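Biologist: I am new to this structure. Please show me how to read a few of its features.
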Amino acid sequence: MLSLHEVTMRFGALKVVDGMNLTIRQGERRGLVGSPGSGKSTVMRLIAGALRPTGGRIEYGGRDVTDLPEERRPGIARVFQHGSAFAGLTCVEHVTMALRRSGLSASARSAGSTGWRTPARHNRLDQTRDVFDLLRITGLQDAPTALLCAVGRKRLEIAMALAARPRLLLLDEPMTGMTPQERVRFADLLLGLPAELTVVLTGCDAEAVAAVSSQLTMLERPDQITVPAWRARRRPARHVEREFRVPEHPAALPFADAG
Ligand SMILES: Nc1ncnc2c1ncn2[C@@H]1O[C@H](COP(=O)(O)OP(=O)(O)OP(=O)(O)O)[C@@H](O)[C@H]1O
């Protein structure tokens, strides 16, 4: 559903992305791993259309979207590294605002192939409730965002992104600042997302990203090597495996393990 072909991104003399090739299939949970400054956010912005590559080609949904800006790449939603929640607003106000911004109305758009429950005459209130149910934040609708923990905030930001019924969800460093226990809960949250939804997430910690991905791409390795995530789940992720019971073998993985 998404592919990058020899994509390059230069900022002046600085070449941040150098001939990157990447193929991501629908339903994949792809982790992009690299140290700070390796270009993770840049790749996310290139995929979203917030940046235009200085070289190469990007295809999304079978179309060449290299020159298309963000607003002309439908079905892609992004959760930013540094969050997008406003202090003072409640969770339900955030999601309602996101639904309004996405332009979804009762009969405006069907769920398509994303696996979303969107029957006819589905009103905005129902949609809000769906998103809350999906992310298990029911009960927190009226809580001000300032009261949310790190995972709670991330849930809310993902809820806002899901309001647009995306096919591709981009999560830029979602686990930064989370404790090991919060990472376990975050992994659980990702597991609850529709299987058809493609998720690309970034992070510096390969173990943590591997625990919630099906495939892992190392940005700093030659040719940005991609491996099945289970191979990168070494012993240090034990706390995650114990509490979350991440299976050892790919055949038992709950995610579609592509490739
Ligand atoms: N708009 C820009 N103009 C100039 N340089 C930029 C721009 N955006 C990013 N860079 C540079 O590109 C490099 C990669 O940045 P990027 O934010 O993609 O890395 P990252 O891997 O996401 O880092 P971090 O983990 O710290 O968020 C950095 O050296 C950064 O300073």
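Modeller: Start with burial. A residue is buried if 20 or more other C-beta atoms lie within 10 Å of its own, exposed if 12 or fewer, and partly exposed in between. Keep in mind that this is a predicted model.

Biologist: Is Glu6 buried or exposed, and why?

Modeller: Glu6 has 12 other C-beta atoms within 10 Å, so Glu6 is exposed. Glu6 belongs to strand 1, residues 2–11.

Biologist: Where does Glu173 lie?

Modeller: Glu173 sits in the loop between strand 7 (168–171) and helix 5 (180–191). Phi of Glu173 is positive, about 45 degrees, and Glu173 is not a glycine.

Biologist: Is Glu173 buried or exposed?

Modeller: Count again. Glu173 is buried, because 21 other C-beta atoms lie within 10 Å.

Biologist: How many C-beta neighbours does Gly19 have inside 10 Å?

Modeller: Gly19 has 14, so Gly19 counts as partly exposed. Gly19 is part of strand 2, residues 14–24.

Biologist: Which residues does Gly19 touch, not counting those up to four places away in sequence?

Modeller: For contact, the C-beta atoms of two residues must lie within 7 Å. Gly19 touches Glu6 and Thr8. Glu6 brings us back to strand 1.

Biologist: How many residues apart in sequence are Gly19 and Ala210, and what is their distance in space?

Modeller: They are 191 residues apart in sequence. From C-alpha to C-alpha, Gly19 and Ala210 are 24 Å apart in space.

Conventions: Residues are numbered from 1 along each chain as its sequence is written. This is a predicted model: local features need pLDDT of at least 70, side-chain atom pairs count only at pLDDT 80 or more; totals for chains, interfaces and linings use all residues. Helices (H or I, at least four residues) and strands (E, at least two) are DSSP runs, numbered from the N terminus.
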